[in-house]
Amino acid sequence: GHGGVGGHGGVGAERGGRMTAPRVSTAGLDAGERRIAARHLLSSPILTAARQPAELDLVRRHATALKSMFASQLGYPLIVESTFARLVKAPLPASAPVRPARRATDDSPFTAATYVHLALACAALLAPGVGEQILISALVDQIRADAAEQSITITDGIGDRRQLVTALRLLVSWGVVSETDGSLTAWGERPEDEALLSINRSLLIHLLPSPLHQFGTAEETWSQHNPEPPRRRLRQRLVENPAVFRAELPDDELDVLSRERHELARHIDENFGLVLEVRAEGVLAYDPSGALTDLDFPGSGSAKQAALLLLDELTTALQPSAESAVRVDGGPLPGALAPWPLVDAVLGDLAARYRNVWKGAYGESLDALRGDVADLLEALRLGCRLDDGLAIFPFAARYQPHVRTQAAAAAEEEIPG
């Protein structure tokens, strides 16, 4: 443990029995600020002065302690400069839910083609001779030249222009480029409309966790050359994943969970404000405030409401537990299988019941509703698509819906309090 003299002030007694006045401790305040700064970095691994000035200021104030903590606890390098902070996370295990980049316009996930445009745009911005600013037309020329070397065709068509705009918009959101004159959106629709981009080159070079030339294949980029010790690997899983199954953990991480559970819980609470919940089927670290997540659940929105109600029906009917099992990717995981006809029957009934509340597309297409609900459950590790049905995991039992009709809600508002 971390014993020693406590950092919290209070009423004490000096030699001779004279009482001292209460002292305000800065250690507790500093620890609280460091925890807040660490949470900002976990949720947004790139912070810039232009877009998150207050958060970056907090990180810079505690940079030395944060660098040490992230390195020792998670093995994550932290780069802090005057205009940005970059937390370089490790690759997630294959079992972790996919978290794709998303379009700013409709929140749809990036396609393979969009990722190609993103990679080409980053390479072009790093090309020799590119300075602090570049015209979009010059950037496109460089992208096409680089693409041609790799036998990739980039056309003048509006489809390719929109893909590039989507990729560049992501770089804008990260603070890597900014629109100094003109608009990316306007250029996407009318290529004769020029745009001048400013480049944050010092941040750009830190986008990739490691240089690509050291890898022979794309798959190698997801492997770690020097595997972390089991304590650190387990902390990484818990901080980054909504839920972890015991069946997925190697023996050395299971041993850490068994022997050092209380120490593990203390560390992730002190450093990140997360609460460890150990269950028969696995373990999760959750945020009581709900702020440290890229996907809140339960929450507002038709898909989340449908998913919550579907889980309630299926967990009641199937009772998934640590003792029941489904086969996922060739191995057993705790859970129960809901055949697709059962899933469709429940969703169809829910869609009819809430037709006036949920978005119109769900009332017209059961496929759309099923697809969005399954995507959500997979992202939260509460379920998984299989050929024969939807696997429901025991973690789902943590959630119970509380349905209020509009009439009941209105009546509550009229009750004087």
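Q: How many disulfides does the structure hold?
A: The structure holds zero disulfides. The term needs a pair of cysteine sulfur atoms within 2.5 Å. Such a link is a covalent bond between the sulfur atoms of two cysteines.

Q: What kind of model is this, and which residues and atoms count?
A: This is a predicted model, where local features need pLDDT of at least 70 and side-chain atom pairs count only at pLDDT 80 or more, while totals for chains, interfaces and linings use all residues. Residues are numbered from 1 along each chain as its sequence is written, and side-chain values use heavy atoms, with hydrogens and water left out.

Q: Why is Cys122 called buried?
A: Its relative accessibility is 17%. Buried means under 20% relative accessible area, exposed means over 50%, and partly exposed lies in between (1.4 Å probe, protein chains only). Cys122 therefore counts as buried. Cys384, at 15%, is buried by this rule too.

Q: What makes Asp287 and Arg39 a salt bridge?
A: Their closest N and O atoms are 2.9 Å apart. A salt bridge needs a side-chain nitrogen of Lys or Arg within 4 Å of a carboxyl oxygen of Asp or Glu. The pair therefore qualifies. By this rule the count comes to 25 salt bridges.

Q: Why does the pair of Asp287 and Arg39 tie together parts of the chain?
A: Asp287 lies in the loop between strand 9 (282-286) and helix 12 (302-318), and Arg39 lies in helix 1 (residues 26-43), so the pair joins parts that are 248 residues apart in sequence. Helices (H or I, at least four residues) and strands (E, at least two) are DSSP runs, numbered from the N terminus.

Q: Are Asp287 and Arg39 buried or exposed?
A: Asp287 has a relative accessible area of 13%, so it is buried. Arg39, at 16%, is buried as well.

Q: How do you know that Arg61 and Asp57 form a salt bridge?
A: The closest N and O atoms are 2.8 Å apart. That meets the salt-bridge rule. Both residues sit in helix 2 (residues 53-61), four residues apart, or about one helical turn.

Q: Why is Arg61 called partly exposed?
A: Its relative accessibility is 48%, so it falls in the in-between class. Asp57, at 42%, is partly exposed too.

Q: What links Arg233, Arg237, Asp252 and Glu253?
A: A network of salt bridges links these four residues.
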